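Please read the points below with the sequence and the model open side by side.

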Amino acid sequence: EVGIRPGLVLFLRGNAFMEEWLSVVDFEGLYEVSDQGNVRSLDRIVICEGPVKGIYSKFEKGRLLRPALCKRDGRYTVSPSRDGKNYPQPIHVLVCTAFHDPGGIKEEVRHIDSNRLNNKADNLEWGSRIRNMWDSIVFGGRELDWGIRFNKRSKKNPWQLRMDLKLGEGTKHINNFPTKEAARDERDRLCLLHGMAYRVAA
């Protein structure tokens, strides 16, 4: 039986297209991710140790990994392993990292259609946290307030700009500013940049 080798392209039964596979970053030679949002392990030789056989090697055939739905954020994850340890990974991050240029330090993966379960490469791109929050508001019907609060513990930048997401979503801290006017200016700039309307929180 043919196992899964690096670069092997799989035809999906009943579909006219092929999946493109690339190495999972930091798991090269062990796992691959596809442009359709699937993750698979590759054929490999595994070194094992047991009380009877001692140290020995065995062949493991590659397979598709079954995604798990994270209850905390409603996204699919998989747990690739390396050196006997599992590393839970969000699938959308694996796909976007493999098929798109690496994002900046402060960038997050954005689902273009706002469907967190659609992890196809053409539905993912790098974006800001602000943009991700705005997508969740536009597509999810969440209520948004902007909050500007004074933090007496901070001497240099005491004014905090926050997004207050209702429906149990809590507060998202944006940044700290030296004056209330500077926080307002940043709020207005972000609203203009992302096409947002705002209401001042009570």
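1. The start of the chain. This is a predicted model, and its opening stretch calls for a remark. Over residues 1–5 the pLDDT stays under 50. For these residues the model has 16 contacts beyond four places in sequence.

2. Confidence over the chain. The protein chain has a mean pLDDT of 78. Of its residues, 73% reach 70 or more.

3. A residue with a positive phi. D26 is not a glycine, yet its phi is positive, at about 75 degrees. Where is D26 found? It sits in the loop that runs between β1 (21–23) and β2 (31–34). D26 counts as exposed because its relative accessibility is 55%, and the cut-off for that class is over 50%.

4. Which residues make the nonpolar surface patch? They are I45, I47, I55 and F59, and the patch covers about 490 Å².

5. F59, one of the residues making the patch, lies in strand β5. Is F59 buried or exposed? Its relative accessibility is 52%, so F59 counts as exposed; the class begins over 50%.

6. An open sheet. Three strands, in the order β6-β7-β10, form an open sheet with antiparallel pairing. The edge strands are β6 (68–69) and β10 (89–90), each of which pairs on one side only.

7. The pairing of β7 with β10. How many bridges join strand β7 and β10? Strand β7, residues 76–78, pairs with β10 over two bridges, in the antiparallel sense. On the level of residues, T77 has P90 in β10 as its bridge partner.

8. A buried histidine. H92 has its place in helix α1, which spans residues 91–99. Its relative accessibility is 7%, and therefore H92 counts as buried, the limit for buried being under 20%.

9. What surrounds H92. Which residues does H92 touch, leaving out those up to four places away in sequence? They are R75, V109, H111, N119 and L124. A reader who wants to inspect a buried position can begin with H92 and go through these contacts one by one.

Definitions and conventions. Residues numbered from 1 in each chain as written. Predicted model: local features only at pLDDT ≥ 70, side-chain atom pairs only at ≥ 80, totals over all residues. Heavy atoms only, no water. Patch = residues over 30% accessible without salt bridge, like charges linked within 9 Å, V, L, I, M, F, W, Y side chains within 5 Å. Areas by Shrake-Rupley, 256 points an atom, 1.4 Å probe, with all protein chains shown as cover. Salt bridge = Lys/Arg side-chain N within 4 Å of Asp/Glu carboxyl O. Helix = DSSP H or I, 4+ residues; strand = E, 2+ residues; numbered from the N terminus. Buried < 20%, exposed > 50% of the residue type's maximum accessible area, 1.4 Å probe, protein only. pLDDT = per-residue confidence, 0-100. Contact = heavy atoms within 4.5 Å. Pairing = 2+ DSSP bridges.
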